[in-house]
Amino acid sequence: MTNPLLAPWDTAFEIAPFDQITDADFAPALDQALAQHQAWIKEIAENPEPATFANVIEALETPVQALEQVLSVFYTVAGADSNPERQALQRAFSPKLAAHFSSITANKALYTRIKQVWDQRDTLDLTAEQQRVLMLTHRGFLRGGAALEGQADARMQEIKSRLATLGTEFTQNLLADERDWQLELGEADLEGLPQFVVDAARAAGAEKGASGPVVTLSRSIITPFLQFSPRRDLRQKAFAAFAARGANGGETDNRAIAAEILSLRAERAALLGYDSFADYKLETEMAKTPAAVRGLLMDVWQPAVARANADADILAQMMHEDGINGDLEPWDWRYYAEKRRRVEHDLDEAELKPYLQLDRMIEASFACANRLFGLEFTPLDVPLYHADCRAWEVTRDGKHLAVFIGDYFARGSKRSGAWCSAMRAQANFPKATSPIVINVCNFAKGEPALLSWDDARTLFHEFGHALHQMLSNVSYESISGTSVARDFVELPSQLYEHWLEVPEVLREFATHAETGEAMPPELLRKVLGASTYDMGFQTVEYVASALVDLAFHEGAAPEDVMAKQTEVLAEIGMPAAITMRHATPQFAHVFSGDGYSSGYYSYMWSEVMDADAFATFEEAGGAFDPERARALETYILSTGGSVDPAELYTAFRGRLPGVEALLKGRGLVEA
Ligand SMILES: [Zn+2]
């Protein structure tokens, strides 16, 4: 019998035939698909014909169907519906796939062919999109070290492998420190804690074999404990342990590892001819230079720190009224901020929830896409990998555009968080291919399923990514949909969250599960007000981390990472009662791998853009202004990575983003 992962899919819209695929099909299919891909790469690299755009770059863009099919199905079920067998397959596949793809980047014959096309780029009469794909391909190989030879090449391989080892050690040390610490609580120590924290502390105690409830260093326990426990001595103890993760001396200490990672990264950037690792890293981003990143962060830092200092005075005053003298400390902030929140923004999640029905929020996200872009959604009945998945055909003016799949409910087989991926990406080369896009979330099931405000935002966020995939209209798959710079990819998703907050959307779709009534205006006002609460603190802890990350990767690597951290924080005037969101020995974004190294700023960068971009709707005809919607699709949602993101944004907005709208949105300046 043919392996269903390798055969052509003769199904509606060529959706994977999930009902025919078994776990036993994956391993043999992957081996065959990788062999096919390898043969294809060899053919491209060893082609005796002179190198052309068609026989090198377009050949690389031609999908090897078998590999696309196996990987799209496997990644989908491994993330959203795993089991021990799939986990074992994942462990076996990761090194295999890593070796396969790095053998392509290291293929000298292939690089030579790419360089031959690159060198004749001015005489080839390429379209703008083709020029961009050629540039990106060539640059990707260069950045991977394909042009290095001899000693430099060997050293680069050594650095890469040492960095991979150090990244894993960093993560494991952090996990070990988080696992090994606990604070046992007596019954009296539970005073003031809400029931969900007490339950979590008891469950954690039972899991760890303690005699009673415990505080652990898991964010889901320690954060609410610091927020609600009136016991200042216990808060101090817990906070100290939280802050010391990765810096406890001994075998799990991360400080020397962080220093070695920074030094290897600097060496890697120098081998490739860059001034610093930050220059190397930011080259592919919208920001492009360390100076641009610093400029944006400092524009936000000034008003944020002013707000945080003003808030600190109010919180210190509250503490003194409690009879505690002395300074407000980091273990006091969350506790007094929560107290203040209850007085100023009394928002009861339990009161809000019945208004946020999952099905109505899905309808709301579709309705906004209909008003903005004319998209229509029709339910599809097709076999998927789990009974909870739902599918829709997406059309416009009666024409097929995409398939959208929603897998909304939490279950043991799904990893945590929420994400969007394309099971098939849009492309027009070598033939018109329509996308199949999936949103995976972890909402609680119920009859009817009700969301929290955060859940509803997540739903809109992931749907924004889905629109970026579904409205994509480019030739080549490598630049399709969300294949854009990291500091640009969250623009469509974070921007779409704004439509959830449009009062007319909430009035129509946030209706009570039992009475069907619209959300009362008073509740609506509280919901919208709560989103800017304590933003001074949140902005300061985040921006401080981003500035330290940036400083670590500019110029020579620091020998003493903690001294460097102290120096940066002193320079920017870090408030005494706030610490970095991720201090260096715990900064997994930056040290577990390369993903967010000198890139932690990108969350803020995207937020600046989404606030600025939504403001243009408000300045024009409102949230559904047709001209702005068209511009959004034309310049941002349909273009993928085919144009430099700064150019795209400028085309959409008439200028680069400014921080004004973000500062207003976070309540850091008067609206
Ligand atoms: Zn996102």
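This is a predicted model: local features need pLDDT of at least 70, side-chain atom pairs count only at pLDDT 80 or more; totals for chains, interfaces and linings use all residues.
## The five-stranded sheet

Let's start with an open sheet whose five strands come in the order β3-β4-β5-β7-β6, with mixed pairing. At its edges sit β3 (376–380) and β6 (419–424), each pairing on one side only. Ignoring direction, neighbouring strands here are turned by 30° against each other on average.

Inside the sheet, β5 (residues 399–409) and β7 (residues 436–443) run parallel and are joined by six bridges. If you want a spot to look at, find Ile405, which stands opposite Ile438 in β7. Packed on the sheet is helix α17 (residues 453–470), which touches β3, β4 (390–396), β5, β6 and β7. The direction of α17 makes about 170° with that of β7.

## Helix α8 and its two sides

Next up is α8, a helix of 14 residues (195–208). From first C-alpha to last it reaches 20 Å, close to the 20 Å expected at 1.5 Å a residue.

Its buried residues are Val197, Val198, Ala201, Ala204 and Gly205. Looking down the axis of α8, these buried residues fall within an arc of 130°, so they line one face of the helix. Their cover includes β2 (214–215) and α9 (219–228). On the face turned away from the buried side, α8 carries the exposed residues Gln195, Phe196, Ala206 and Glu207. Just past the helix, Gly209 takes a positive phi of about 70°.

## A buried histidine

Finally, have a look at His37 in helix α1 (residues 26–45). His37 has a relative accessible area of 12%, so it counts as buried. Leaving aside neighbours within four places in sequence, His37 is in contact with Val64, Leu67, His100, Phe101 and Ile104.

Note on methods: Residues are numbered from 1 along each chain as its sequence is written. Side-chain values use heavy atoms; hydrogens and water are left out. Two strands pair if DSSP finds at least two bridges between them. Helices (H or I, at least four residues) and strands (E, at least two) are DSSP runs, numbered from the N terminus. Axes are lines fitted to C-alpha atoms, for helices over the stretch in contact, and angles run from 0 to 180 degrees between N-to-C directions. Contact means heavy atoms within 4.5 Å. Buried means under 20% relative accessible area, exposed over 50%, partly exposed in between (1.4 Å probe, protein chains only). The expected span of a helix is 1.5 Å times one less than its number of residues. The arc is that of the directions from the helix axis to the C-beta atoms.
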